[in-house]
Amino acid sequence: MNARSLHLSRPLRPAWRTGMGLLLLTACVLIAHLALLGLLPPVSSPKPLPAPRHFKMRAIKIASLTSPAPPSPPHRAAAPVPMRPATPGPHHRRTPPPPEPQRPQPISPQAALPYDDALPAAPTSPSSSPPSSSSEAAAAPSSNNVTGASGGVTSGRAATDATGLNAVQAGTGDAPSTVEPKHIHSTVHLHFDMTGQRGAQPLAGAYGEIRWSQNGDRYNAEMALRFLFKTFIRWTSVGRIGASGIEPTRFVQARGSKIEIAEFAADAGQVSFSNNHPAVTLLAGAQDRLSILMQLGALIAADPARYRSGGRISIQTVGPSDADVWIFEIGGAQTVQTLAGTFETLRLIRVPRFESDARLTLWLAPKLGYLPVQMRQDQSDGLSFELHLRSAS
């Protein structure tokens with residue numbers, strides 16, 4: 001059977017079916033074209049596309065390959081200076097400071113006056129002759145010796161002068177207030193051994209010396225305390241030998257590199273200080289802290305019977321920055337043993353008037369013209385020391 005006979009044997013489709021197929025095909029083609037042209041509504045909303053990323057271009061500068069310089073060390077900031085508030089008016093203008101008062105030039109303790117036999121002999125003058133009885137009577141009242149009618153030395157009432165310095169007025173009596181030059185000790189050199197204690201700590205190995213030189217008209221004195229080869233304090237006193245005895249004109253204290261000077265101006269009646277402390281009134285018979293050791297001995301040597309146990313001696317004593325009245329109580333006789341020998345002594349005790357005052361005790365030997373053979377000082381800071389005579393020449 002051939003192909004033609006097979007084709008003829010199949011049943012023919014109805015015409016409407018063929019038309020429906022063509023119609024569906026045409027519709028599909030039309031829908032496809034509309035979809036391609038975007039005319040058909042979307043079946044569902046499409047997902048939003050991600051936002052496009054924007055890229056920025058930057059120029060990169062390549063650093064040089066040379067090594068960088070080391071950083072500079074940090075500077076310490078200066079402390080801020082407090083600013084004073086400006087004041088209106090003429091006070092805002094700085095006024096020049098007042099001229100600084102001229103200070104006395106520091107002197108070397110040895111340069112003040114030579115010692116021992118280097119002093120020339122004093123010229124003969126009326127002042128070196130014994131004073132007459134009328135002059136002694138005129139000079140009987142004194143601000144530095146308070147005497148009583150009993151012949152002993154008693155204290156008078158305290159008074160305050162114009163400068164606020166506590167002085168001691170003279171009492172009544174016939175004891176002389178002046179010392180004849182013949183009672184002042186001649187040239188002498190004293191050597192001392194020194195012991196001491198500060199609290200529970202003992203001090204040993206120190207020593208001291210006093211040099212005294214006078215020719216009847218002038219004097220020079222020096223006291224030094226030393227430890228090994230170091231001098232930790234030195235006092236120097238220079239002045240005149242007058243009708244009233246020792247009359248200081250300059251006192252120097254050298255403690256290490258610090259030098260302080262007190263100048264006695266008898267004509268002006270005041271004492272001035274190199275450390276700018278205010279000047280004070282100079283009382284009659286005033287001494288310094290070194291010359292008083294010799295003046296006390298001269299006063300007692302002139303008339304020992306008048307200086308009995310229980311009496312007092314008051315003398316204005318000048319230091320490197322003050323001038324206070326030192327009051328000494330007269331104790332009884334006491335035997336003192338030193339390396340220089342055994343001495344019968346008269347004990348004097350300085351009575352402290354203020355809490356900061358040191359207590360000074362002196363043992364004066366009549367055998368040596370009432371020179372000190374032993375001294376003790378007790379200070380308010382707990383330091384105490386003693387000097388014991390080793391030799392005298």
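What joins the side chains of Arg 312 and Glu 329? Their link is a polar contact of 2.9 Å. Keep in mind as you look that this is a predicted model. Arg 312 sits in strand 12, which covers residues 312-318. Is Arg 312 buried, exposed or partly exposed? It counts as partly exposed, because its relative accessibility is 26% and the "partly exposed" band runs between under 20% (buried) and over 50% (exposed). Now find Arg 350: along the sequence, Arg 312 and Arg 350 are 38 residues apart, yet from C-alpha to C-alpha they are 9.4 Å apart in space.

Let's zoom out for a moment. The chain has 393 residues, and 34% of them are buried. Its secondary structure comes to four helices and 17 strands. If you take the contacts with a separation of 6 or more, 51% of them are between residues 24 or more positions apart.

Next stop, helix 4, at residues 291-302. How far apart should its ends be? With twelve residues at 1.5 Å a residue, helix 4 should span 16 Å, and its end C-alpha atoms are 17 Å apart, so the two values agree. Ten of those twelve residues are buried, which means that helix 4 is largely enclosed by the rest of the structure. Among the buried ones are Ile 292, Leu 293, Met 294, Leu 296 and Leu 299, and Ser 291 and Gln 295 are buried too.

Now for a residue out on the surface. Leu 228 lies in the loop between strand 5 (218-227) and strand 6 (230-242). Why does Leu 228 count as exposed? Because its relative accessible area is 54%, and the cut-off for exposed is over 50%. Together with Phe 227, Phe 229 and Phe 232, Leu 228 makes a nonpolar surface patch of about 480 Å².

The backbone deserves a look here as well. Most residues other than glycine have a negative phi. Leu 228, though not a glycine, has a positive phi of about 60 degrees. Asn 276 also has a positive value, with phi near 70 degrees. You'll find Asn 276 in the loop between strand 9 (270-273) and strand 10 (280-281). At 49% relative accessibility, Asn 276 counts as partly exposed, because exposed means over 50%.

Notes. Residues are numbered from 1 along each chain as its sequence is written. This is a predicted model: local features need pLDDT of at least 70, side-chain atom pairs count only at pLDDT 80 or more; totals for chains, interfaces and linings use all residues. Side-chain values use heavy atoms; hydrogens and water are left out. Patches are made of residues with over 30% relative accessible area and no salt bridge: like charges are joined within 9 Å, nonpolar side chains (Val, Leu, Ile, Met, Phe, Trp, Tyr) within 5 Å. Accessible areas come from the Shrake-Rupley method with a 1.4 Å probe; for residues, only the protein chains shown count as cover. A salt bridge is a side-chain nitrogen of Lys or Arg within 4 Å of a carboxyl oxygen of Asp or Glu. Helices (H or I, at least four residues) and strands (E, at least two) are DSSP runs, numbered from the N terminus. Buried means under 20% relative accessible area, exposed over 50%, partly exposed in between (1.4 Å probe, protein chains only). The expected span of a helix is 1.5 Å times one less than its number of residues. A polar contact is a pair of N or O atoms within 3.5 Å; within protein, one must be able to donate a hydrogen and the other to accept it, and residues adjacent in sequence count only if both atoms are side-chain atoms. Contact means heavy atoms within 4.5 Å.
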